[in-house]
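Subject: Structure handover

Hello,

Please find the structure below, with the sequence. My notes on it follow.

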Amino acid sequence: MAKSKRRMSEKQAGYLMVFPALLIILVIAIWPVVRSFWISLYDVRLNDPTKSQIHSAYGIDMERYANGLPLLKSNIANEKKQVEAPAAGELDAVLQSVLAVDKELNQDPKFTDRYTQVDDLLNNMQPVPDDVKFLDAEQVQAQKLKDTLQDAEKKVLALSNDKQLKTENVLGIVRGLEGSVIEPNFVGLAYYKQYLTDSRMWASLGNTVLFTVLSVVCELVLGLWIAVLINKQFIGRGLVRAAVLIPWAIPTVISALMWKFMYDGQNGILAHVFWKIGLISDPGVLLTTKWGAMFSTIFADVWKTTPFMALLLFAGLQTIPESLYEAAEVDGATKRQQFFRITLPMLKTSILVALLFRTLDAFRVFDLVYVLTGGGPANSTETISIYAYKTMFAQMNFGAGSALSVLVFLCVALISMGYIKILGADLIGENSGK
Amino acid sequence: MKGWKKVTTAGLVTMMAVTMVGCSSNNTADNNKSTDTGSKDEKVKLVFARGKDTTAASNHIVEEFNKTHPNIQVELREMPSDTGQSHDQYVTMFSAKSSEIDVFDLDVIWPAEFAQAGYLLPLDRFIQQDSINMNDYIQGAVQAGNFNGQQWTMPKFIDTGLLFYRTDLVKEVPKTWDDLIAQAKATKGQGGTQFGYLMQAKQYEGLVCNFVEFAAAYGGKILDDKGQVVINNPGTVKGLKKMIEVVKSDFVPSNITTFTETESATAFQEGQSAFIRNWPYQFAAANDTKQSKIAGKVALAPLPAGDAGSAATLGGWLSGINKNSKHPKEAWEFLKYLTGKEGQKITAVDGGSAPTLLPEYDDADVQKASPLFANKDFVNGISKAVPRPTSPQYPKISDIMQIEISKAIAGQETAEEAVQNMDAKMKEVVK
């Protein structure tokens with residue numbers, strides 16, 4: 001009994017010791033993914049005031065309300081002075097109907113308090129914090145406010161269409177007030193359904209896969225070659241080993257800009273060289289055609305990350321014991337046989353690890369494409385990250401953008417699971433052999 | 001993407017948390033301070049952001065303002081020349097409730113979206129306090145900054161597509177697009193030029209402007225007065241075909257589909273082409289001996305006409321105040337100066353851009369700055385101008401047009417297909 005108790009506490013102590021690490025992993029790795037997924041279930045758009053956040057219940061945006069109501073009063077008063085009697089009467093009726101609902105809302109002391117609080121903040125030109133800004137409301141109340149405002153909009157619109165109003169201000173303010181009614185914006189998996197049938201999503205996914213496969217294969221072959229090369233004994237080896245790393249050490253945005261200048265159809269040196277040696281028909285095609293642009297991006301990526309691949313493989317090469325090669329030499333194996341029979345099998349784990357890193361990296365490619373082509377020409381180099389970025393930041397559609405990033409996450413998770421399965425089997429196999 | 005998203009989310013969250021904490025704790029401090037800033041003469045620092053300015057105007061305005069307002073110190077921050085990229089950077093900053101920028105320039109298509117998102121401080125109160133007469137401004141530009149009955153921005157300058165040409169190479173100004181094509185072919189290679197015509201054809205907002213000009217010149221229309229999609233008409237198709245003809249011709253640079261304003265202006269100022277389509281600032285920039293090899297040899301004209309006459313995209317820039325600015329009052333002082341008499345005069349004289357403040361056109365220095373500003377027809381034309389419609393959905397419409405036009409001029413689809421695709425996709429957005 002006592003023994004098991006001590007054991008329990010030992011176990012607990014163990015958990016206690018890994019707890020900080022678990023917490024860090026949870027905060028920096030898992031929480032953002034869960035959060036993204038959560039957002040992707042809601043119709044969140046920054047350019048729509050009623051959907052600028054996740055709302056799971058009905059409510060009223062007090063900042064907008066407190067801003068709009070006095071404006072409505074003053075503008076209707078203004079407008080009434082300038083228009084004919086029947087229109088003035090209608091405007092008055094509109095104002096009365098809105099004020100009636102306002103009165104109803106004010107029967108709740110919470111509403112009145114909050115209104116005063118927000119109004120004070122606004123008068124002092126201070127920002128209204130989010131927890132003060134949104135007030136939960138009954139569905140019936142919110143619906144009633146919305147219906148009244150929509151009704152008011154229809155009436156004002158009719159007046160405006162009949163040219164009975166002097167300005168469009170009242171109409172605009174009523175529309176603005178409508179934005180203060182918050183409705184739940186849960187959409188469930190609608191975005192995922194939409195994207196799975198979206199041809200642009202599949203096209204960008206296709207571009208991403210093409211980019212990933214081609215660049216990673218080129219990097220593997222070149223990286224392996226460089227790794228074998230710098231593993232040899234020669235004069236100035238240290239210098240070469242350091243120099244190889246330079247492309248990798250330059251920030252991607254900088255090197256992408258550098259490549260952009262070199263690929264430029266007018267003044268780019270590389271475009272000129274390719275054209276002179278007959279590789280391309282015109283210096284302009286590199287960044288203006290689909291295949292030219294795809295080639296340019298892959299070429300720049302290969303240049304940049306081959307050193308990283310080489311470094312990982314080089315580390316792997318150093319762990320292969322020299323005695324194996326000596327034995328092969330004695331047995332009369334050629335260099336070629338040594339490479340395929342000793343180097344490659346011994347390097348398998350390193351290669352898989354390097355491939356895993358690079359595939360995931362290439363799949364998430366953003367900065368290089370963003371700077372070099374911006375996804376163009378005609379979206380032919382748009383990767384899925386670029387698509388998600390455009391959806392989120394150019395169109396302010398955070399819900400849809402989050403759904404896209406979750407899809408990227410799923411793809412990446414699938415790829416890593418695939419690798420880890422091969423790799424894991426390999427590692428376990430090795431361990432059990434020992 | 002996953003990692004990037006993670007980093008940004010984490011970054012945004014920490015940034016938000018920090019700024020929110022910063023805000024709430026600063027507010028009380030700020031209040032105490034603001035009551036006695038006047039007596040202590042503390043300098044208030046403001047940041048003014050705008051897209052890349054190739055002229056000296058912005059620096060000049062900031063210098064002058066800092067000289068005349070000793071208690072405020074304005075710092076200029078340049079954003080990318082690609083308006084789409086600027087837009088995205090603003091969105092990132094403002095949705096994190098950042099206060100790093102106080103006053104900033106907005107493309108005429110942004111105010112509705114930014115006002116909806118709560119990035120802008122409404123200006124009505126300030127305008128009333130300082131009794132600024134909004135009727136002195138070009139009404140279209142004022143309207144562009146008005147959304148849901150409130151004024152969110154002040155008009156800064158108006159932009160319109162124009163044809164600039166080299167007076168030493170061009171004898172007769174081309175009247176129609178076909179004239180232009182013939183002359184561009186003929187002048188290519190003369191006087192050290194390599195091309196005949198320059199435009200903006202990268203997949204970005206400028207491509208939409210160029211397209212709209214071609215389409216409208218041939219009687220095409222994108223949206224009608226009620227905001228409904230009417231893009232699928234013969235005029236649009238014809239305009240797009242003419243645009244494809246120009247882009248595919250041998251008198252434009254072979255990589256024209258990577259050109260924004262900056263690239264085309266550079267090539268023009270290097271003396272590489274006889275013609276260019278650009279915004280009014282090109283006149284000041286091309287006559288600036290510091291950056292141009294063709295100073296004094298440049299003139300301007302309306303864009304060539306199609307079957308339905310000449311059409312120019314009306315753009316323009318407005319200025320507004322970040323809602324989370326720590327110094328809204330001082331920011332207003334700068335905004336008032338920037339879009340008022342002094343600021344607009346500098347923008348016109350040094351920057352070559354057309355003022356939105358109508359009395360400026362009577363100013364002798366302004367009239368001297370560009371042949372445009374002394375031209376009564378031009379002034380009458382733009383004072384009636386209505387810029388592109390303001391809709392919070394505009395970025396999505398623009399994105400659709402950019403992709404399809406880009407495909408059409410790259411030869412991936414025909415003009416008819418592109419127009420049909422735009423029609424279908426835009427109708428999904430504008431219901």
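I start with one residue in chain B. Setting aside the neighbours within four places in sequence, Phe211(B) is in contact with Leu240(B), Met243(B), Met401(B) and Ile405(B). Please keep in mind throughout that this is a predicted model.

Phe211(B) belongs to the largest nonpolar core, a set of 187 residues. Together with Tyr197(B), Leu240(B) and Phe334(B), Phe211(B) is listed among the residues with the most contacts inside that core. Another core lies apart from it and has 29 residues, including Val94(A), Leu149(A), Val174(A) and Leu177(A).

Chain B as a whole

Chain B contains 18 helices and 14 strands. Of its 431 residues, 55% are buried. Among contacts in chain B with a separation of 6 or more, 74% join residues 24 or more positions apart.

One helix pair in chain B was examined. Helix H12 (residues 328-339) of chain B packs against helix H13 (residues 341-349) of chain B, with the axes 4 Å apart and an angle of about 50 degrees. H12(B) and H13(B) are therefore oblique to each other. On the H12(B) side the residues that meet the partner are Tyr337(B), Leu338(B) and Thr339(B), and on the H13(B) side they are Glu342(B), Gly343(B) and Gln344(B). Sorted by class, this contact has two nonpolar, three polar and one charged residues.

The interface

How many residues of chain A are in contact with chain B? There are 48, and they meet 42 residues of chain B. On chain A, at least two residues each come from helix H1 (2-40), helix H2 (62-82), helix H7 (169-178), helix H14 (285-288), helix H19 (384-394) and helix H20 (398-433). The side of chain A that touches chain B is made up of 23 nonpolar, 18 polar and seven charged residues.

A helix pair in chain A

The axes of H2(A) and helix H4 (residues 109-123) of chain A come within 9 Å and cross at roughly 75 degrees. Which orientation does this give H2(A) and H4(A)? They are roughly perpendicular to each other, because angles of 65 to 115 degrees are counted that way. From H2(A), Met62(A), Glu63(A), Ala66(A) and Asn67(A) meet Arg114(A), Tyr115(A), Val118(A), Asp119(A) and Leu122(A) of H4(A). The contact of H2(A) with H4(A) has five nonpolar, one polar and three charged residues.

Annotations on chain A

The annotations below come from an unreviewed UniProt entry.

- "Domain: ABC transmembrane type-1" is placed by UniProt at residues 205-419 of chain A. In the model that span is 79% helix and 0% strand, with its end C-alpha atoms 20 Å apart.
- "Transmembrane region" is assigned by UniProt to residues 12-34, 209-230, 242-262, 291-317 and 398-420 of chain A. Residues 12-34 are 100% helix and 0% strand, and their end C-alpha atoms lie 27 Å apart. Residues 209-230 are 100% helix and 0% strand, with 31 Å between the end C-alpha atoms.
- "Coiled-coil region" is given by UniProt for residues 135-169 of chain A. The model has this span as 69% helix and 6% strand, and the end C-alpha atoms are 27 Å apart.

Regards

How values were computed
Residues are numbered from 1 along each chain as its sequence is written. Chains are lettered from A and ligands numbered from 1 in the order in which they are written. This is a predicted model: local features need pLDDT of at least 70, side-chain atom pairs count only at pLDDT 80 or more; totals for chains, interfaces and linings use all residues. Two residues are in contact if their C-beta atoms, placed from the backbone, lie within 7 Å. Ala, Val, Leu, Ile, Met, Phe, Trp, Tyr, Cys and Pro count as nonpolar, Asp, Glu, Lys and Arg as charged, and the others, Gly among them, as polar. UniProt positions are given in the numbering used here, feature names are shortened, and annotations may be inferred rather than shown by experiment. Axes are lines fitted to C-alpha atoms, for helices over the stretch in contact, and angles run from 0 to 180 degrees between N-to-C directions. Angles under 35 degrees count as roughly parallel, over 145 as roughly antiparallel, 65 to 115 as roughly perpendicular and the rest as oblique. A nonpolar core is a set of buried Ala, Val, Leu, Ile, Met, Phe, Trp, Tyr and Cys residues joined through C-beta atoms within 7 Å. A residue is buried if 20 or more other C-beta atoms lie within 10 Å of its own, exposed if 12 or fewer, and partly exposed in between; C-beta atoms are placed from the backbone.
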